[in-house]
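Subject: Structure handover

Hello,

Please find the structure below, with its sequence. My notes on it come after.

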Amino acid sequence: MAVVLVRAIKEIAGVDLVAEYKKANFVTEIGDLDKAYSAEQRTAIVALEYAGITNVAHFNPGNSVTRGQFASFLYRTIENVVNNPEAGVAAVKAINNTTVEVTFDEEVDNVQALNFLISDLEVKNAAVKLTNKKVVVLTTAAQTADKEYTVSLGEEKIGTFKGIAAVVPTKVDLVEKSVQGKLGQQVTLKAQVTVAEGQTKAGIPVTFFIPGSANGVKTPVTVEAVTNEEGIATYSYTRYAATNDTVTVYANGDRSKFSTGYVFWAVDQTLEITEVTTGATINNGANKTYKVTYKHPETGKPVSGKVLNVSVKENIDVTVDKLQNVTVNGLAVVQTSDNNTRAAQITTDSKGEATFTVSGSNAEVTPVVFEATPVTVTNTNGTVTTTGYTQKYTADTLQASAAKVKFSALQADYTIDVTRDGGETAAIGYQNGRKYKVVVKNKNGEVAKNEVVNVAFNEHLDRVISTNTDAYFVELDANGSRVYKPTLKQITVTTDAKGEASFIIANDKVSTYATPVAWIDINSAFVNKQGTLDEGEPKAIAPISYFEAEKLDGASLKVKDANGRFRDTADLKGDVSAEFKVDLVNQSGSSTTIGTLEEVTYTIYNTGSSVIYLGDAGLTTTVSDTAKISPNRSQTVKLTGNEVLKVSSYDGKSGSVKVVATGKVRHDGRDFNFTSKEATAKFTATNEVSNLESGRIASFDTSRRTLTIIGKTAIRYAGETGKNYTYRDEANRPVSLTNFEKALVDAAKAGGNTGLEITYEAKDNDITFYLKSVNAPAPINTVEADKQAGIDALAKAKSDLDAAIKAVKEDNYQDKAAVQALVKTATDVLTKANATKAEYENAKTALEAGLAKLVKAPVAPTVGKIDWDTNNEIITITFASNVIIDDKQEFSIDSQKTTVADLGENTVGLLFTTAPTNAAVGTLKVKVAATETTFEKEFTYEVAFNPTATNKWTVTLKN
C-alpha cells in the first residue's frame, strides 16, 4: 500500500517524496521498518511519514489494510499532497501530546515571522529545532487522541496530523532523593519518568510539590514541568532560612506515580565527602580513604563529636546474593533487613572532620555517609541519656555520596607477552627442555622492570581434571647451571631493566606436552612469594611445547665467555681471545653427540673500531697482515669440525666481532648442510672498565662524580642520563649516594692505609657499586687535591711576582721614572687583598714585558785574557767584547803610575817603568758604547797584583 501511494503521488502530483525526505535528512521514528519485505517498501513508509500521511510508532508493514484505513491514507494523500501544491516543501508530524514538528526543505532563518495555526488547537510556541534548522517545533495545548488536525502557515494549509494521546508514565523517580542546598543559591530537582516501550519520553508533564510552613517562613510550591527527550523534568528553587523540605513529584496524568525526596537547606554545605586517595579504580585488597566534613546548618561552623554512619548504596536494601564484597573501616557494611544492618560509624574531631577507608575485591560501590540518629532513654529523674546510634539508612536522612569506586585486578595496568625460544617440539630431560621469554609492559607501553611474574602450567590451573602434565620448571644455580627438580611446578621470575625475564620447562616423558601460563599477582601486597591466579589479574598463556626423544636438529655457534661457558655473546678483556665453536644440537638447542661435524666455514666481521686478527691473544708483534681484519671488513676461513676459531683484539684495544658459521654434518651415512649461525664477542681494553670489574680506588672526583680504579680510565658513579645507580656496602646493604660519597671522602681524609676497593657491575642500564674497605693506600680526593694545588699555585705566583719586583735595579735602565712606574703597578697587585693566581702571573708578565721595552744598561764586558812579562813591567788585558779604552786615564798600583794604552782589538796595555813589588790593587775604567737597546756606560775593574801567587795579575769587575 505504501509503495502504491508513493508511486501514485510521483506520477499524478509530480512529487518525489522519497527524494524529498532524503534531501531533508528526515529521521524516521517508526520502530518496525525491519518487518518490511523490501528496501522500496521501507523507503515508501518513511516517505508517507515525512509527508504527514502516517504518524504512528509502529506501521505493521506485514499486516493487511482495511478499506477504512486505505480511505484515510488516500484522504490525507489528497489533502497533504494533491490539493496542496506546497506539500512537497513541508512535512508535519506530531511528536507527542503537546509537540508538533514541521520540516521544511530549507533552513528557517526567522521563525518569529511565521504564523503557524492549527485547527481547534492552540499553538503556544514555535521554535527552530537546535539539532536541525529545517525543523520548527510547535508547542501546543493537549491534543485529542486520533483527532485530525490541519496545520496552516498564515492562511495556507501545509499539512495535517493525527493527535496523540498524552503519555502517562509507568514510573516517576527523583534522580537524587536527598539533596543539600545552600541558602540563597538554587537547588535543581530532577525527575526521571519511565514510559511503556515504544512511547516517547518527551513532553510529559509532571508536578513538583513542596509544602510550606505554618509560620510562613517557607512558601509552598506547586509547579508543573515537562520532560525533555531523555524523560527528565527539572525544577529549580531556593530558600533563605535553614530548614528541611519534603519534595514530592508526580505524573499529572496519574498521581499514583510519584516519588518523594528531601532538601536540607543550610548556610553552607552541611555534609561533604572528599577523596584522600584518588582514582576511580582501586586494586583488589587496596584501600581508598575519604575525608568527611560536618558543619552546623545554621552557623556553618565545624561540629565536633558528630556521629555519622558510613555504608555503600549497593549493599542497602538488597538481597544477600547481591551484596558487594567491601568493608568500611574493616567492617562488612550491609542492610538487607532490620536484623541484618551494619554501618561503620565515625565521629568528627575539633575541625568537624573524620575519615573512613573503603576496601574491597571485585566490587563496584558508591560510598554514602548519613546522619546517625541517637538512641536515647529517659531516666527516672527526667534526664535523657544517649545509649547509642542507629545504623539504618533511610532516604529522608541527611546524606552525602562519593563517586562510584571500583575494586578490581588492574588488568589494564600491565600487558604480558610470553614467547617460546625455539620450535614446538623439545627434547626430553632437564638439560634440554624449552626456554621461554617474558616481556612485561605497563599501561603506557613502557617496560616494567623489577616486576615479579608468576609462572605455572595451564594444565594444572584450568581446573579440568582430564588435562594434566608431568612437566616441571628447571632451576638455575648461582653459576647458571641447571638443577633437576621434577616437583617444581610453579616459579616466580623478576624482570630486568628491559622488562624481560626467562624460564625453562622440561619433561622426562615422551609424547607429552605443557602450556606455561604467566601472571602478575596484583592482589597480593607481598609479591615475592608463590601467587594464586585470580580472575581479572593480568596474564598470558604461552605457546605449547611438546616433548619427544632427542634427535639431531641442526647446529649452533657459541663463544666462550669470561666464565668459560659457551654463550651466544661474550664480554671479554682486550688481552683475551674470543673462542668460537660450532656444536651439533637437538630439538631444544642443546649439544648432542648424534651425528658428526665434518667441516665449518666461518665468516668473521669486524664490527668494532679497532683492528682484530685471527689467532691467540698477545701475538701482536708476530701476527701477519693476512690475519688482520680492519674495522667494517670481513674474512672467511674453513676449519675442520672440531677446531675452535680464535679471534683476538690487536694491541688489546676495545672492539667487537660477529662470526657467522655454515657447515656440513654427517649422520646415518648421509651429509647435511646446516644454515648460517651467529655469535658475537666484545673486547674491552685492559685500561677500560668492563661490565664486571673489581679493583682499588685510586682517586675520585665528587664534582664530576667520577672514580678511577687503579690502572683503569675514570668511570661515572652517578649523574649519567638513562642509567640507574645502586650502591651497596660491605654487608651488601643498599646505601644512598650521599653516604657512598661520604665513605669516599672520609677514607681520603683519613689517609694512610684506609683504602677502598670497588666492584663495578653493569647490566644494561643498571649500574651497581659494591664498596669494601682494604688495608691499602687511601684514595685521592681530586677535588681536595686540586684545591690544595690551587692554594700552592697561588702562593708560588705571588712569590714569583715578589722576586721579580725585588730583582729590578733602576741603575740598569736609562728611564728611571718608567722603571719606578712599572714597579709600582706590580707592587699594587702584590699587596692587593685576595688577588688571584692569574692576577699575580699577569702582573709579573706585564713587569717583565715593560722592562724589556726600556733602554737598558749594557752587559759588563768580561775579561778574556791577561798577560804579563817576567819583570811585571808590561801587562795586557784583553776583553771578550767591544770596549772603549780611555788612553788618557792614569793607572796607579803599589805607588807605581803609568798611562793606560789602547793596544787595539779591545786590549788594554799597562807599561811600568818600575814594576810593582808589593801586593796591591789598582783601578781601570772602560766604556761600552750605546746601541738601540742599551745606553753608553762606564765599568770599573780592580786590577790586583800578588807577587807570590801563581796568577800574579787578576782583573775583577767592581761595579
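Predicted model: local features only at pLDDT ≥ 70, side-chain atom pairs only at ≥ 80, totals over all residues.

Sorted by class, the lining of the second largest pocket holds 19 nonpolar, 16 polar and six charged residues.

Cavity

A search of the whole structure turns up one cavity of 30 Å³ or more. The space in the largest cavity comes to about 50 Å³. Its lining is made of Asn96, Asn97, Ala166, Val167, Ala202, Gly203, Ile204 and Pro205. Of these, five are nonpolar and three polar, with no charged residues.

Helix contacts

Two packed helices are described by the angle between their axes and the distance between the axes. Both contacts below involve helix H9 (residues 837-853).

The axis of helix H7 (residues 782-806) comes within 8 Å of the axis of H9, and the two cross at roughly 25°. Because angles under 35 degrees count as roughly parallel, H7 is roughly parallel to H9. The crossing of these two helices is left-handed. On the H7 side, the contact is made by Ala793, Leu794, Ala797, Lys798, Asp800, Leu801, Ala804 and Ile805, and on the H9 side by Lys837, Tyr840, Glu841, Ala843, Lys844 and Leu847. By class, the contact of H7 with H9 has nine nonpolar and five charged residues, and no polar ones.

For helix H8 (residues 816-830) and H9, the axes come within 9 Å and the crossing angle is roughly 175°. Angles over 145 degrees count as roughly antiparallel, so H8 and H9 are roughly antiparallel to each other. H8 brings Val819, Leu822, Val823, Ala826, Val829 and Leu830 to this contact, where they meet Glu839, Tyr840, Ala843, Ala846, Leu847, Gly850 and Leu851 of H9. The residues of the contact of H8 with H9 divide into 11 nonpolar, one polar and one charged.

Tyr840, Ala843 and Leu847 of H9 are listed both in the contact with H7 and in the contact with H8.

Regards

How values were computed: Residues numbered from 1 in each chain as written. Heavy atoms only, no water. Nonpolar A, V, L, I, M, F, W, Y, C, P; charged D, E, K, R; others polar. 1 Å grid on protein atoms, 1.4 Å probe; cavity = no way out; pocket = protein on both sides within 12 Å on 5 of 7 lines; lining within 4 Å. Points joined across faces, edges and corners; volume = space filled by probe spheres on them. Axes fitted to C-alpha atoms, helices over the stretch in contact; angles between N-to-C directions. Helix = DSSP H or I, 4+ residues; strand = E, 2+ residues; numbered from the N terminus. Parallel < 35°, antiparallel > 145°, perpendicular 65-115°, else oblique. Left-handed = near helix turned anticlockwise from the far one by under 90°. Contact = heavy atoms within 4.5 Å.
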